[in-house]
Amino acid sequence: MANGSVRALAHSLASTRASNALREHLWIVPTSQSIHIIGVALVFTSALIISLRLIGLGRSEQPLSIQISRLARMLFFSVPVLLVTGVLQTIAEPVRQLVTPAFWLKMALILIGLGMVYFLAESVRRDPHRWESPETRPPWSRIYAVVNLGIWITVILCGRFIGYTWMKYV
Amino acid sequence: MDVTELAERISELPLASAIRTGSPWQWTFPTLETVHVIAIATVFGSIVLVDVRLLGLGQLGRRVSRCSAELLPLTWTAFTLAAVTGSLLFISHAPDYVVNRQFLLKMGIILLAGLNMLVFQRGIYRRVDQWDTQVPPPAAARIAGVVSLVCWTAAVFLGRWIGFTT
């Protein structure tokens, strides 16, 4: 495994001036984390409402295609906020982040989750009428709903567990 | 019995010490935190969707009453989950939390958010049929939207800050 080199990279990143400066100001990391949670809230709620609608638990007067495109837009708008705050936190505490499997699993699941939302939004945009009724929807839409929701829940789980597991890997 | 003493007693409950000590399951506390984050995320996200409509910033073309009716069940379900997990986290370290400034402020702000909601529901929202499609909505509704956004944002910040003080 490339664990050794990742650890070395993390330690050298931690000794950079930028990393030290971010840690010196004690308010930066908690502020960034708070903004990060707000971004998480927007992404998670969008994904949750989309999944509930596809499963048939959430009702709305809005046509499904419009609801999904609105929520997907809110989700993708939150991504830059999460990216900026996430990168900031990683520069400030690279060892805490980069050494944990929870961090890398989180990153992989985010890519899969975002890809899935993009794929869904595109499918709905190309053929909105097909999506309005549960009978004409693709048969995979319910499975999609459960898997995608599971992915975002696991992303949050990994995010929280980074802070509890990293000490084991240093 | 004063508050500190009560908090001590609460934290000695078998359930509280099981969460605190991580016995029998070492991941109890972080797992509760994770569920708490998921619940808070849903509370915050669903409230934002209603608030942006109240401010006339988003979800335009939708009736306020529909937005609210569709999203509030989600908000309340998630809030219940947040309250249950939050209470479990609280009892595990009750003596620390009852003297924690960020925690007390967070509780006060959630109360304020609830009060704001009550004033809104009992006030301008009673006549929602008169402004259901109006953009922007009346000033009283916009004020309720701003107060709500500020309160919940502050609650998230304070919640995260608690983790840096205990």
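I began at Leu32(B), which touches Ile19(B), Thr85(B), Leu88(B) and Leu89(B), with residues up to four places away in sequence left out. I call two residues in contact if their C-beta atoms, placed from the backbone, lie within 7 Å. This is a predicted model: local features need pLDDT of at least 70, side-chain atom pairs count only at pLDDT 80 or more, and totals for chains, interfaces and linings use all residues. Residues are numbered from 1 along each chain as its sequence is written, and chains are lettered from A and ligands numbered from 1 in the order in which they are written.

**Leu32(B), continued.** I placed Leu32(B) in helix H3 of chain B. My helices (H or I, at least four residues) and strands (E, at least two) are DSSP runs, numbered from the N terminus. Is Leu32(B) buried or partly exposed? It counts as partly exposed, because it has 19 C-beta neighbours inside 10 Å. The scale I used: buried means 20 or more other C-beta atoms within 10 Å of the residue's own, exposed means 12 or fewer, and partly exposed lies in between, with C-beta atoms placed from the backbone. I also checked Leu32(B) against Ala154(B): they are 122 residues apart in sequence and 21 Å apart in space, C-alpha to C-alpha.

**H3(B) itself.** I tested the helix length. At 1.5 Å a residue, the 27 residues of H3(B) should span 39 Å, and the end C-alpha atoms are 39 Å apart, so the two agree. The expected span is 1.5 Å times one less than the number of residues. Next I looked at burial. In H3(B), 21 of the 27 residues are buried, so the helix is largely enclosed by the rest of the structure. After H3(B) I found Gly56(B), with a positive phi near 75°.

**Cores.** I define a nonpolar core as a set of buried Ala, Val, Leu, Ile, Met, Phe, Trp, Tyr and Cys residues joined through C-beta atoms within 7 Å. The largest one has 72 residues, and Phe44(A) and Phe44(B) have the most contacts inside it. Which helix supplies the largest share of this core? H3(B) does, with 13 residues. I then listed the partners of Phe44(B): leaving aside neighbours within four places in sequence, they are Ile38(A), Ala41(A), Trp152(B) and Val156(B). A second, separate core has five residues, including Leu89(B) and Tyr97(B).

**Contact between the chains.** I counted 19 residues from chain B and 20 residues from chain A in the contact. On the side of chain B that touches chain A, helix H3 (28-54), helix H4 (64-92) and helix H7 (139-162) each give two or more residues. H3(B) gives the most, eleven residues. By class, this side of chain B has ten nonpolar, five polar and four charged residues. I count Ala, Val, Leu, Ile, Met, Phe, Trp, Tyr, Cys and Pro as nonpolar, Asp, Glu, Lys and Arg as charged, and the others, Gly among them, as polar.

**Whole chains.** Chain B has seven helices and zero strands. Its C-alpha atoms fill a box of roughly 55 × 30 × 25 Å along the principal axes. Of its 166 residues, 39% count as buried. Chain A has eight helices and zero strands. Its C-alpha trace spans about 55 × 35 × 25 Å along its principal axes. Of the 170 residues of chain A, 34% count as buried.
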